[in-house]
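Please report on the charged side chains of this protein.

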Amino acid sequence: MKRIVLATALLVTALAPPATAAASGGPVRHTGYGSLAAAYDNAGISAAGAPGSADLDGLGNSFVAEDLSAAGWGPGAPVTLAGTRLTVPHTAPGAPDNVVADGQRIRLRGSGSALTFLVTGTAAAAGGTGTLDYADGSTQSYTLTAPDWYSGPSDAMAVRVPRRNTPAGPTALDVKLYAVSVPVDTRKRLAAVTLPTVASTGGSPAPELHVFSLGLRPKPSGWTASWSTAIDDGLAPYQWTDRTLRMVEHTSVGGNRVRVRLDNAYGPGPLTVGHTTIAVRASGPDPVAKPVTLTFGGKQQVTMPAGGQAYSDPLPFTVPADRDLLVSLYLPGTVQFAPMHSQGLQDMYSTNDGGVDDAADGSEFPVNNLFGFWTVLSGVDVTGPSRSTVVALGDSITDGYASTVNGNQRWPNYLAQRLNARYGPKAPAVANEGISGNRVLTDAFNGLPNTGTAGVKATARLDRDVLSQSGVRTVVVLEGINDVNSDSSAADVIAGLKQIAATAHSYRLRVVVGTLTPTAGCGCTNPARAAARDTINAFIRDNGGAFDAVADFDAAVRDPANPQAMLARYDSGDHLHPNGAGYRAMADAIDLASL
């Protein structure tokens, strides 16, 4: 068996069934465990004053229990990540709290759209192939890799804490836990999961994959994402105290019930929202009727741990299609480094600091100032005639950069209008997950405050921004121009787009990919970059089945007399971003049947 902290070895032995040697005389494999907790064979979390009680990495180092608790990740704490509810191990510091993956078979009953693992790697990124067993006797293989707990990237982290416990006590060094998801067949019920066996590299200590928790993401249940936005900078460079924010969200489809998603992605600590309300907007900050309170587990106040999310309880509420909503958040106490989407292109409304809870105010809402980004709120879901969601994954051109503020002139807005006109109340919802400056291949944000607004790379943000969206059936991808303009090769961008498509296909989603729009005249381009764009577009148009359909955005907005340039009437003036008319032309270029 893998190494066990001696102080707790008897507990693990009592919980675990006997191990069975392989017939060939090879490595020992476990016959099965009734739960993940029953298989815990390693202690990776220790109290600051008792560093010797845990050894995560074989070198005597571990997570500091007090730091995890300060982040809202104390023993037994529930954490929602990318739509999946997980539970922090219910164990005291120094007791076994994770499984060193080595082929253990864990009983796991239930159904869902994805299985999420709370994991980390030690000594290096660690991974391998495991198996999902279904109740009907069928199986499915999956690949799981956990980045290293301190050298791994920030783009997939669930939580980061500032210290690790060494044999001599806590030392300043950022260490991370990760949430990694694999697809599950929504038509079947799971019976068990077999954890991967990690191949040895011959080094000492060997890389290990540590599994702390498992959770099934719920299957689609009638909810669609009428509005959404992606967290980009992650941490707003502001501090608010006892303030109410009133934000505007433009719906794509309507419904008869509503819920909202609050987000503390990349947050360094817990974030409390004291009161959340929703209303249909009349004009400015004024609602049509008095705002209605949303609850979370029956309570008005909700606290999200660092990195976590919160979904409100379903609320009977008539949400109109293609209309503005007002969602108000009262933030009690002091909030610093709140998650944000920086390119709102919409006036939002705020009270002054030191105020009272104004979330339920009507026309008397005391506006102290305007701001132009979404914060904490990341989604509005509805139930109704619509049964599916189209997610637009992209960069600033999907984000609507350079379109009219308060105009709702992003191409996903126009796409939603086309779908509503064609299909009426049964039209698919459209969720805009564009991030200005986003790239396919490179993170422009490392999870620290004020370090950029271009977000996590597209290949790494799929789980949070696409796969966990309510009712998602199709993703429209328009990414790559920022990679090209940063001198990434066409081959690398193409490989990244194919990776995005393969991941989406593994979740049974349709993938529509857009060609890259013209850039001639923009200071961001040159002949080599233009050639790379042309190569990428040629591949997209003749992709050999890598994608389900193509939206030729390039052809929709280019100048026939100069195909490398945007048609003047579609150009915002910077020769890179379309204007409102250009965004409408892009939406018109999408074959609705392809969605």
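## Charged side chains

A network of salt bridges links R533, D534, R541, D552, D554 and R558. The model is a predicted one. Side chains of opposite charge can pair when their charged atoms come close.

How do the two partners sit in the protein? R558 counts as partly exposed because its relative accessibility is 29%, between the limits of 20% and 50%. D554 counts as buried, because its relative accessibility is 3%.

## Pairs across the chain

How many salt bridges does a search of the whole structure find? The search finds 21 salt bridges. Three of them are set out here.

| Pair | Distance, N to O |
|---|---|
| K457 and D155 | 3.9 Å |
| D463 and R217 | 2.8 Å |

Take K457 and D155, which form a salt bridge with their closest N and O atoms 3.9 Å apart. K457 lies in the loop between β33 (429-434) and α5 (462-467), and D155 lies in the loop between β11 (139-146) and β12 (157-166), so the pair ties together parts that are 302 residues apart in sequence. Is each partner buried or exposed? K457 counts as partly exposed, at 22% relative accessibility. D155 is buried, because its relative accessible area is 11%, which is under 20%.

Now take D463 and R217, joined by a salt bridge of 2.8 Å, N to O. This pair also links distant parts of the chain: D463 is in helix α5 and R217 is in strand β15 (residues 208-217), 246 residues apart. D463 and R217 are both buried.

## A positive patch

Which residues form a positive surface patch? They are R107, R109, R189 and K219. R109 has its place in strand β8 (residues 105-110). R109 counts as exposed because its relative accessibility is 54%, over the 50% limit.

## A buried aspartate

D133 belongs to strand β10 (residues 126-134). Is D133 buried or exposed? D133 is buried, because its relative accessible area is 12% and the cut-off for buried is under 20%. What does D133 touch, leaving aside its neighbours within four places in sequence? D133 is in contact with R105, S138, T139, L190, A191, A192 and T194.

Conventions:
Residues are numbered from 1 along each chain as its sequence is written. This is a predicted model: local features need pLDDT of at least 70, side-chain atom pairs count only at pLDDT 80 or more; totals for chains, interfaces and linings use all residues. Side-chain values use heavy atoms; hydrogens and water are left out. Patches are made of residues with over 30% relative accessible area and no salt bridge: like charges are joined within 9 Å, nonpolar side chains (Val, Leu, Ile, Met, Phe, Trp, Tyr) within 5 Å. Accessible areas come from the Shrake-Rupley method with a 1.4 Å probe; for residues, only the protein chains shown count as cover. A salt bridge is a side-chain nitrogen of Lys or Arg within 4 Å of a carboxyl oxygen of Asp or Glu. Lys and Arg count as positive and Asp and Glu as negative; His and the chain ends are not counted. The place of a charge is taken as NZ of Lys, CZ of Arg, CG of Asp or CD of Glu. Helices (H or I, at least four residues) and strands (E, at least two) are DSSP runs, numbered from the N terminus. Buried means under 20% relative accessible area, exposed over 50%, partly exposed in between (1.4 Å probe, protein chains only). Contact means heavy atoms within 4.5 Å.
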